[in-house]
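The sequence and the model are shown below.

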Amino acid sequence: GAVRKQWTVEEEERFLKALARFAPNDADADDGNRLGPGVAQLISLVVGTRSVVQVRSHAQKHFIRKAREATRESAAVQRHA
């Protein structure tokens with residue numbers, strides 16, 4: 001099977017830059033994990049060391065993490081209101 005290698009700091013930085021550039025709306029989507037058509041390919045080219053499938057999977061985890069953080073932040077804000 002595929003070897004799951006941790007994303008390096010450099011790969012992560014390139015991923016985030018490419019995501020902001022090619023999917024600015026998706027970056028804030030709550031349900032997340034929706035990269036527009038062709039966006040994973042573009043990000044894959046920018047990262048350079050990851051396949052389209054790896055980029056899609058990474059983006060999904062990224063969006064889930066962001067959604068979880070956003071939920072936690074809004075819960076914290078409501079507690080302190």
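In this predicted model, the count of aromatic pairs comes to one. The pair joins Trp7 and Phe15, whose ring centres are 5.7 Å apart; their planes stand at 75 degrees, over the 60 that the class requires, so the pair is edge-to-face. Both Trp7 and Phe15 are buried.

Phe15 also belongs to the largest nonpolar core, which has 13 residues. Phe15, Leu19, Leu35, Ile43 and Val55 are the residues with the most contacts inside this core. The elements that give two or more residues to the core are α1 (9-22), α2 (39-47) and α3 (52-79). The largest share, four residues, comes from α2.

What does Leu19 touch, leaving out residues up to four places away in sequence? Its partners are Pro24, Leu35, Ile43, His62 and Phe63.

The axes of α1 and α3 come within 12 Å and cross at roughly 80 degrees. This angle falls in the range of 65 to 115 degrees, and α1 and α3 are therefore roughly perpendicular to each other. The residues that make the contact are listed by helix.

| Helix | Residues in the contact |
|---|---|
| α1 | Glu12, Phe15, Leu16, Leu19 |
| α3 | Val55, His58, Ala59, His62, Phe63, Arg65 |

By class, six residues of the contact between α1 and α3 are nonpolar, two are polar and two are charged. Phe15 and Leu19 of α1 and Val55 of α3 take part in this contact, and these three residues are also among those with the most contacts inside the core.

How values were computed
Residues numbered from 1 in each chain as written. Predicted model: local features only at pLDDT ≥ 70, side-chain atom pairs only at ≥ 80, totals over all residues. Heavy atoms only, no water. Core = buried A, V, L, I, M, F, W, Y, C linked by side-chain atoms within 4.5 Å. Buried < 20%, exposed > 50% of the residue type's maximum accessible area, 1.4 Å probe, protein only. Contact = heavy atoms within 4.5 Å. Phe/Tyr/Trp six-rings, centres within 6.5 Å; stacked < 30°, edge-to-face > 60°. Axes fitted to C-alpha atoms, helices over the stretch in contact; angles between N-to-C directions. Parallel < 35°, antiparallel > 145°, perpendicular 65-115°, else oblique. Nonpolar A, V, L, I, M, F, W, Y, C, P; charged D, E, K, R; others polar.
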